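Morning, everyone. I have one model to walk through today. Let me put the sequence and the structure up.

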Amino acid sequence: MILEITPTPFIGEVNAINSKSELHRVLICAALSDAPCTLILGNPTDALSNDVLATIDCLKELGAKIEISDTEIAVTPIEKVPEHPVLDCKESGSTLRFLMPVATAICDSVTFKGNERLTERPIGSLKNALEAHGVSFSSDGLPFTTTGRLKPGKFEVTGDLSSQYVSGLLLALPLFEEKCSIKLTTPLLSRGYVELTIKALAEFGVATVSPTNDTFGVIKRNNRYISPSSLKVEGDWSNAAFFYVANFLGNDITINNLKFNSLQRDKSILDFLSLYTADIETEENILGAKEYEIDLINTPDLLPALSIAAAFADGKTTFTGAARLRLKESDRLTSVCALINSLGGKAEDTADGIIIYPQPLKGGTVESFGDHRIVMAATIASTRCESPVIINEARAVDKSYPRFFKDIESLGGRINVI
């Protein structure tokens with residue numbers, strides 16, 4: 001789908017969609033629990049992302065019963081696992097990495113598959129950890145079939161490539177009678193996402209402990225997860241970040257359904273935007289010598305949104321700590337640079353980030369590279385462009401935010417399918 005966005009102000013209110021990160025985690029906890037649980041959403045369920053729907057489909061394949069109504073998801077836990085489930089993770093790296101330990105802990109054999117881009121995303125360290133505990137793999141990458149149940153003990157995994165390795169193992173540990181631990185062989189990056197996993201576990205009666213910076217464990221209150229009966233799911237700061245950037249550019253959007261005391265690290269979008277001055281486009285500022293450095297080591301997903309703010313800022317911005325973005329839905333360092341340059345700005349990538357020079361965007365044609373965050377960034381950029389923004393493969397936004405363009409139109413956005 002190719003969309004043309006005509007420059008116009010965005011004015012009005014939006015509800016932040018439910019947190020994709022939290023939904024993955026609590027859906028899995030609910031499916032493994034001792035009794036049904038209803039997940040209460042702040043939005044209609046037609047806002048559920050493709051990634052979350054992939055997790056739901058996989059949990060159904062494992063034997064859970066999941067019913068989706070207008071604003072709720074009712075989960076009946078797994079009672080009996082099918083003999084050989086086939087889990088299609090689609091494009092969702094979270095689904096794959098969370099369910100590899102969980103599924104192998106409850107299944108004698110399971111097949112995993114996914115779409116092309118997912119096959120390119122790394123799982124090596126997690127696979128090695130599972131192999132060391134009794135699981136055999138038919139191949140090194142997707143699609144693959146596992147045989148053998150995961151055995152408890154001390155797991156070793158890297159922490160610098162994906163925090164999802166740690167989260168997946170943490171979600172599996174309460175399934176064992178024995179106490180288990182996770183030892184990190186490299187420093188843990190994106191620790192905030194592991195904190196979200198620990199929070200989800202606590203909401204389902206599982207206490208965790210991190211006695212040192214590189215070791216995690218589980219203190220069990222029961223042999224299974226304990227259902228809280230119902231649970232309200234937070235709004236998503238990662239996607240709401242685009243609306244905060246839109247406001248930074250001069251729009252007037254009220255963003256609802258967010259917790260300001262949330263553990264989601266992407267709420268730091270507010271702190272990053274505050275680094276820039278309010279005067280964002282005078283000639284003397286554009287030609288000035290101000291420089292900003294933003295370390296995204298714990299919040300790499302904010303780069304596409306922040307790149308638009310940086311293009312209109314009053315000085316050069318250097319983003320660092322984002323090397324892992326080369327392994328996302330696109331090589332996001334390359335795709336963000338292409339986005340800025342395609343719209344008339346100036347950006348260049350570095351080993352672990354990008355540099356954006358202050359040069360207001362004009363408009364033009366953007367390749368989304370099949371990346372949902374590039375689509376959203378280009379749309380927000382359109383509000384300050386001189387000519388329309390055309391986005392190729394705009395449907396990629398469905399991965400995390402299917403209602404995005406409906407919400408944009410509700411704010412006055414002018415969108416045409418071409």
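Before I go on, the ground rules. This is a predicted model, where local features need pLDDT of at least 70, side-chain atom pairs count only at pLDDT 80 or more, and totals for chains, interfaces and linings use all residues. Residues are numbered from 1 along each chain as its sequence is written, and side-chain values use heavy atoms, with hydrogens and water left out.

Helices (H or I, at least four residues) and strands (E, at least two) are DSSP runs, numbered from the N terminus. Two strands pair if DSSP finds at least two bridges between them.

Back to that bridge. Strand S18 covers residues 346–349, and four bridges join it to S19. The two run antiparallel.

Next, an open sheet. Four strands form it, in the order S6-S7-S9-S8, with mixed pairing. Strand S6 (86–88) and S8 are at the edges with a single partner strand each, so one side of each has no neighbour in the sheet. Further in, strand S7 (residues 109–113) pairs with S9 in the antiparallel sense, over four bridges. Thr111 has Thr145 in S9 as its bridge partner.

Stay by this sheet for a moment. Gly141 is in the loop between strand S8 (136–137) and strand S9 (144–147). Some cut-offs here: buried means under 20% relative accessible area, exposed over 50%, partly exposed in between, with a 1.4 Å probe and protein chains only. Gly141 has 26% relative accessibility, so it counts as partly exposed. Its C-alpha atom is separated by 38 Å from that of Asn15, 126 residues apart along the chain.

Now the helix I want you to look at, H13. Why is H13 described as largely enclosed by the rest of the structure? Because ten of the ten residues in 372–381 are buried. Among them are His372, Arg373, Met376 and Thr379. The cover over those buried residues includes helix H8 (237–248), helix H11 (303–311) and helix H12 (332–342). It also includes strand S20 (364–367), strand S21 (389–392) and helix H14 (404–410). At the N-terminal end of H13, Asp371 is the cap. A side-chain oxygen of Asp371 lies 3.0 Å from the backbone nitrogen of Arg373.

Leu249 is in the loop between H8 and strand S15 (252–256). With a relative accessible area of 4%, Leu249 is buried. The C-alpha atoms of Leu249 and Ala381 are separated by 8.5 Å, although they are 132 residues apart along the chain.

Then Glu22, in helix H1 (residues 20–31). Glu22 is at 7% relative accessibility, so it counts as buried. Leaving out residues up to four places away in sequence, Glu22 touches Lys199, Glu203, Lys232, Val233 and Glu234. Contact here means heavy atoms within 4.5 Å.

Last topic, the voids. On a 1 Å grid over the protein atoms alone, a cavity is a set of points where a 1.4 Å probe fits but cannot get out; a pocket is an open set with protein on both sides within 12 Å along at least five of seven lines; lining residues have an atom within 4 Å of a point. Grid points are joined across faces, edges and corners, and a volume is the space filled by probe spheres set on the points.

The structure holds three cavities of 30 Å³ or more. The largest cavity has a volume of about 460 Å³. It is lined by 33 residues, and the closest to its centre are Ser94, Arg121, Gln164, Asp301 and Lys328. Elements giving two or more residues to that lining are H1, helix H3 (93–106), H8 and H13.

The largest pocket has a volume of about 310 Å³. Of its 19 lining residues, the closest to its centre are Glu91, Asn115, Gly370, Ala396 and Lys399. Helix H2 (50–61) and helix H4 (116–119) each supply at least two lining residues. H2 gives the largest share, five residues.

That's the tour. Questions, please.

Terms used: Polar contact = N/O pair within 3.5 Å; in protein donor to acceptor, adjacent residues only side chain to side chain.
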